[in-house]
Amino acid sequence: MMHTPASMVMGIVFAPLGLVLVFTAAITPQWREGQARLGMTGPGSLLRSGVRGQGMGVRSGSVEALLLLRSDGLWESCLQVEHSELKQCWPVAGPYQRDPRVRLAQGLVLTSLFLCGTGIVLACIGVRCWTDLPLRGVAATGGLLVVMAGLLSLTALGVYTHNLGRLGMVDPSQGINNHRFPHLTLRPAGSLYFGWLGSCLQVLGGSALLFSFKQPKCPTCPSCPELPDCPACRSCPEITNKPDTDVYEVTC
């Protein structure tokens with residue numbers, strides 16, 4: 001008697017882990033980030049007044065500059081003053097929200113999460129341990145959905161990463177469309193790496209589920225050919241006692 005195949009176990013472990021990582025990437029506002037220096041002179045702002053309220057030692061009329069950390073996600077953007085707890089977040093809006101590439105990434109990620117969740121449910125039903133053999137077709141269908149989910153999230157990540165510096169721009173030649181951050185340079189942030197890792201785990205886990213099942217071979221018992229073959233091939237001791245018999249049984 002053999003235990004559950006290792007590839008099947010790998011699929012059941014990798015698929016939920018990939019789902020958690022992709023979901024974490026989707027809800028966190030760190031798909032891209034950048035730094036910009038903002039002069040303390042000029043029109044007042046919430047951040048400048050907040051910095052003064054926290055007593056950071058910035059004098060009125062000073063030309064000292066603040067180093068601002070800007071980060072964007074699929075549904076939220078944040079702005080934080082370096083070396084300060086002052087942080088402001090808001091739902092994505094403006095040209096960035098209306099950018100078709102951002103909308104495409106949002107739709108692909110949402111579809112990926114739905115397909116992966118459905119695939120995991122089907123896979124759990126297919127590899128259930130209260131029957132002698134797994135429901136190979138159901139589990140394989142779940143694995144296919146998980147693979148599709150991974151490919152969709154990889155597509156979303158690829159589109160976003162390829163256009164990372166141009167998302168939300170009215171004129172790509174002028175940089176990001178915000179006069180308050182004229183020298184903001186953008187780079188990939190942590191959420192993208194979570195997404196890449198989770199998507200790869202989804203593809204690996206789904207592939208393992210898709211190809212981990214083989215049809216058990218239940219030969220006829222030589223001494224009792226009239227006996228029907230049972231699902232787990234346990235009717236005939238002469239068969240089950242052979243170490244090279246190509247059969248397996250799923251156990252919890």
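**Close-up views of a predicted model**

View 1. Strand β3 (residues 76-81) and strand β4 (residues 87-91) run antiparallel, joined by five bridges. Strands here are DSSP runs of E with at least two residues, helices are runs of H or I with at least four, and both are numbered from the N terminus. Two strands pair if DSSP finds at least two bridges between them. S77 stands opposite W90 in β4. Five residues lie between β3 and β4 in the hairpin. In the turn, H83 has a positive phi of about 60 degrees.

The model is predicted: local features need pLDDT of at least 70, side-chain atom pairs count only at pLDDT 80 or more, and totals for chains, interfaces and linings use all residues. Residues are numbered from 1 along each chain as its sequence is written, and side-chain values use heavy atoms, with hydrogens and water left out.

**View 2. The disulfide between C78 and C89.** A disulfide is a covalent bond between the sulfur atoms of two cysteines. The rule applied here asks for a pair of cysteine sulfur atoms within 2.5 Å. By this rule the count is one disulfide. C78 and C89 are joined with an S to S distance of 2.0 Å. The link of C78 and C89 is right-handed, with 105 degrees about the S-S bond. C78 belongs to strand β3 and C89 to strand β4, so the pair ties together parts eleven residues apart in sequence.

**View 3. Helix α1 against helix α4.** The axes of α1 (residues 6-27) and α4 (residues 100-126) come within 10 Å and cross at roughly 155 degrees. Axes are lines fitted to C-alpha atoms, for helices over the stretch in contact, and angles run from 0 to 180 degrees between N-to-C directions. α1 and α4 are therefore roughly antiparallel to each other (angles over 145 degrees). Their crossing is left-handed, meaning that the near helix is turned anticlockwise from the far one by less than a right angle. Residues in contact (heavy atoms within 4.5 Å) include I12, L19 and F23 of α1 and V109, L113 and I120 of α4. By class, this contact of α1 with α4 has 13 nonpolar, one polar and no charged residues. Ala, Val, Leu, Ile, Met, Phe, Trp, Tyr, Cys and Pro count as nonpolar, Asp, Glu, Lys and Arg as charged, and the others, Gly among them, as polar.

**View 4. Helix α4 against helix α5.** The axes of α4 and α5 (residues 136-162) come within 7 Å. They cross at roughly 160 degrees. That makes α4 roughly antiparallel to α5. α4 passes α5 in a left-handed crossing. The contact of α4 with α5 divides into 19 nonpolar residues, ten polar and one charged.

**View 5. Helix α1 against helix α6.** The axes of α1 and α6 (residues 190-211) come within 7 Å and cross at roughly 155 degrees. α1 is thus roughly antiparallel to α6. The crossing of α1 and α6 is left-handed.

How values were computed. Parallel < 35°, antiparallel > 145°, perpendicular 65-115°, else oblique.
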